[in-house]
Amino acid sequence: MLETTVAGSLPKPAWLAEQERLWPAWRLEGAMLAAAKLDATVLAVKLQEDAGIDIVSDGEQARVHFVHGFLANLDGIDFARKTMIGIRADRYKAEVPTVIGHIRRKGPVHMAEASAARAHTRRTLKFTLPGPMTIADTIADEHYGNRAELAFAFAQALNEEARELAALGVDVVQFDEPAFNVYMREVADWGMAALERAAEGLECKTAVHICYGYGIKANIDWKATLGSQWRQYEETFPVIARSSIDQVSLECRNSSLPIEVLSLLKGKDVLVGAIDVATHVVEAPEEVADTIRRALAHVPPDRLFPCTNCGMAPMPQAIAYAKLAALAAGAALVRKSL
């Protein structure tokens, strides 16, 4: 009960990549880089265990970015043809690769790090993949000409990858869909259907992570424009509640989410973000416990999983793991009281 977990990415060690960067440059090349990525994966798993996290992840140590790390082993994408596009409804600009042909997975993308993580922990293992709507919003398209069709093409590739991860022993496959917080109407029109296609046939637990993004300035500034209450969830939660996805990961700590809207997710596991990734201030366990207790008014304790708000990749490593220890300690306080 109240098992803790992380939303996804964790900081990479200094010997692997640039520090406190969302798109860090690798410090190694070739075979040395490939080996170092696996070393960092095992280290991330062990540091999560030391912090007291119950459901651990690979920390996305082998990926330069949560979306583009998956794209690296797909046909139909020209990484040399960079296009400047607006991401998340022009919240920020980025140079991204371009889709020039049919999307097809060349082979396993994340098998190596998933296998390494599975071999080095006996705890429940979660592995994150970008969701199809979010990928379609984070790449330029010169082939499909239709965002929904593009998303379903990625959903097919994601499903192949997810099935292989489950076969390796991954217990939870989570799809990251920050785009669900931007294109609410499209979630109902085709976004949820594309996500369910990505998760089709999986026998492990499935999750969707819906957040306001990493703790970078563009996201922090955007959240400041959303008003005193973030009520767009009232549009998307009923759609998610009717879906086949098992778990929903949300941003709750220091957010304007009206906590009562969690009741719209009845029947789902709820991963309650109790750690703010937009500040370097480490939460006190009592603050974590307070977030959990407020959520418990709307989510049964056997369906509530204390979590981080979002990925922590751009954060200093020491602060990130101190926050994870606070998450575990706060959950323990509430667990004891129950």
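User: In this predicted model, which residues does Leu250 touch, not counting residues up to four places away in sequence?
Analyst: Contact here means heavy atoms within 4.5 Å. Residues up to four places away in sequence are not counted. What remains for Leu250 is Ile210, Tyr233, Phe237, Leu262, Leu265, Val270, Leu271, Val272, Gly273, Thr308 and Asn309.

User: Which residues have the most contacts inside the largest nonpolar core?
Analyst: The largest nonpolar core has 91 residues. Helix 5 gives the largest share of this core, 10 residues. The residues with the most contacts inside the core are Phe154, Phe175, Leu250 and Leu262.

User: Where is the kink in helix 6 centred?
Analyst: Helix 6 spans residues 184-198. Its kink is about 55 degrees. The buried residues of this helix include Val187, Gly191 and Leu195. Trp190 is buried too, and the kink is centred on Trp190.

User: Is Arg185 buried or exposed?
Analyst: Arg185 lies in helix 6. Its relative accessible area is 64%. Exposed means over 50%, so Arg185 is exposed.

User: What distance separates the C-alpha atoms of Arg185 and Leu168?
Analyst: Arg185 and Leu168 are 17 residues apart along the chain. Their C-alpha atoms are separated by 36 Å.

User: Which residues of helix 3 make the contact with helix 1?
Analyst: Helix 1 passes helix 3 in a right-handed crossing. On the side of helix 1, the contact is made by Leu38, Thr41, Val42 and Val45. On the side of helix 3, the residues are Ala112, Glu113, Ala116 and Ala117.

User: What is the phi of Leu2?
Analyst: Most residues other than glycine have a negative phi. Leu2 is not a glycine. Yet its phi is positive, at about 55 degrees.

User: Is Glu20 buried or partly exposed?
Analyst: Glu20 is found in the segment before helix 1. Its relative accessible area is 47%. Buried means under 20% and exposed over 50%, so Glu20 is partly exposed.

Key. Residues numbered from 1 in each chain as written. Predicted model: local features only at pLDDT ≥ 70, side-chain atom pairs only at ≥ 80, totals over all residues. Heavy atoms only, no water. Bend = angle between axes of the 7 residues up to and from the residue. Helix = DSSP H or I, 4+ residues; strand = E, 2+ residues; numbered from the N terminus. Buried < 20%, exposed > 50% of the residue type's maximum accessible area, 1.4 Å probe, protein only. Core = buried A, V, L, I, M, F, W, Y, C linked by side-chain atoms within 4.5 Å. Left-handed = near helix turned anticlockwise from the far one by under 90°.
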